[in-house]
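Colleague: Hi! Could you walk me through this one while I have it open?

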Amino acid sequence: MTERVVVTGMGAVAPNGVTLEEFEANLRSGQSGIRKIDKLADLKFTCQVGGVPPAAVEARTEALFTEEDRLAMNSNITYGAIAALDAWEDAGLVRPESGDDEVLWDTGAIIGSGIGGMDTIAERLVPLVNAGKVRRLGSTCVEQIMASSVTAKVGGLLALGNQVTSNSSACTTGTEAICMAFDRIRCGQAKRMVAGGSEGSSHYVWGAFDAMRVLARGFNDAPQSASRPMSATAAGFVPSSGAGVVVLESLDEALHRGAPPIAEVLGGAINCGGHRMGGSMTAPNPAGVQRCIRGALADANTDPSQVDAISGHLTATMADPKELANWAEALGLPASKLPVITSTKSIIGHSLGAAGGLESVAAILMLRGGFVHGSLNCEDLHPAIEPYAASIPHHTVAKSDLRIIAKAGFGFGDVNSCLIFRKWNPQDKEVFQ
Amino acid sequence: MTQQDVMSRVIDIVRPFAKSKEALADVTPETSILKDLKVNSARLVDIILAFEDEFDIGVDDDDADKVNTIDDAVQMVMAKKAAC
């Protein structure tokens, strides 16, 4: 059984916008969400800038959730749940009443996190346990620290009755979640899935990366210049947070209920480089990355020549030049012929487990709107990326013929995932893959 | 502290956890916290902790297990305050 799968809704909570509309507007205008984080300076972090959804998220939280809900929602759950509810509404679906007994047996959720509820662990669980006050943890700690915390909440908010789970695969988590949800619908095990990635804001998470010397250095006084993927002066990634979620449905289900598809998920692939052939815990095996991209294209029955744009992983580390080379190799194209490629992280930083979710939403927004947002702060391209210069816009460019975009994510553990999205055209209804 | 004061503060503590806003609007001393207000049983732990903080008392598990109605909570608080 093979079902075609379409995107019918999107939600985003990002450092540069807490609604989908705001996120799109700020992607188009290149409005960075990176700012100075005083707490990081107080704690003597090397990187003192980050991406945290702006204060408006608090009003949204109050409007969407009951007081009891909020007592058991840390930042990871809050971002993920807002993005999921927004995607649900964007898909034209009605949020169920909390008291009714209707369960949506054909709808599930896969929303992952790279780290998860570290704020709860660090600020509540560890101090109280160490102080011998376990009893003071109350009942709301477990549901905020369990790896499935986001989907456990979303499952209740939306009365989901199909598979409800959270994946975790470092920085490819969000892309992988959409890939897995796509597979579940494609093989007929669900009609609809809510999928993406979420990551909370916690200096305890970011501290571990700061210690590795992989976070941006040297731009603490110029936060909006700090996230510099593909730049010769890139000095590490800017940590951030948020959530990006999509509603996927079988094409039949979407058409049956009259929901207009936004894009079709043509195919996807997930793999691991095995920490071999140059790969390691922190570096990608190039063969693994290329196999993943080629695998996604093959799964999508799409020729490399049909790819109009690439939403890269592109974090602002030494891996960027290798990523460009891997895309060119996987697509079988010389550097000068690479499709237009962009880095959403240049605008919102690297939101770890949320990155693939937010960047997939950005990719689908670009398909729908016929544009490719620019990559900020890379006017001084890395020398090894210079050959690709013609494919790297620094400002938003209109691209009305944008049809197919490839979105990939790569993560610690040498893990990779890649999705192929195609802008929905009503004529595609009759086209079989 | 009068019994009415304690009841008012007990209700304020229980309020955010009450799923039945109708039962909350008509709350009486006999109102069951779980059955009538439809509080999730897991959240009783948080309600007891809130009683401890609000009234500066200690509530052990045996005492907590005896709290079923609003009045049970009020009487428990009054007894512990009287024993202080």
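Colleague: Glu54(B), then: how exposed is that residue?

Modeller: Glu54(B) has a relative accessible area of 36%, so Glu54(B) is partly exposed. Buried means under 20% relative accessible area, exposed over 50%, and partly exposed in between, using a 1.4 Å probe and protein chains only. Bear in mind that this is a predicted model, where local features need pLDDT of at least 70, side-chain atom pairs count only at pLDDT 80 or more, and totals for chains, interfaces and linings use all residues. Residues are numbered from 1 along each chain as its sequence is written, chains are lettered from A and ligands numbered from 1 in the order in which they are written, and side-chain values use heavy atoms, leaving out hydrogens and water.

Colleague: Which side chain does Glu54(B) meet in a salt bridge?

Modeller: That of Arg9(B), at 2.8 Å from N to O. A salt bridge here is a side-chain nitrogen of Lys or Arg within 4 Å of a carboxyl oxygen of Asp or Glu.

Colleague: What is the secondary structure of chain B?

Modeller: Five helices and zero strands. Of the 84 residues in chain B, 44% are buried.

Colleague: Switching to chain A: what does Lys407(A) pair with?

Modeller: Lys407(A) forms a salt bridge with Glu359(A), with the closest N and O atoms 2.7 Å apart. Lys407(A) belongs to strand S13 (residues 404-411) and Glu359(A) to helix H15 (residues 355-369), 48 residues apart.

Colleague: Is Lys407(A) buried or exposed?

Modeller: Buried, because its relative accessible area is 0%. Glu359(A) is buried too, at 1%.

Colleague: What about Arg60(A) and Asp86(A)?

Modeller: Their side chains meet in a salt bridge at 2.6 Å, N to O. Arg60(A) is in helix H3 of chain A and Asp86(A) in helix H5, 26 residues apart. Arg60(A) counts as buried at 19% relative accessibility, and Asp86(A) is buried at 11%.

Colleague: How many salt bridges are there over all chains?

Modeller: The count comes to 27. Some share partners, joining Arg4(A), Glu264(A), Arg403(A), Arg422(A) and Asp428(A) into one network.

Technical notes: Helix = DSSP H or I, 4+ residues; strand = E, 2+ residues; numbered from the N terminus.
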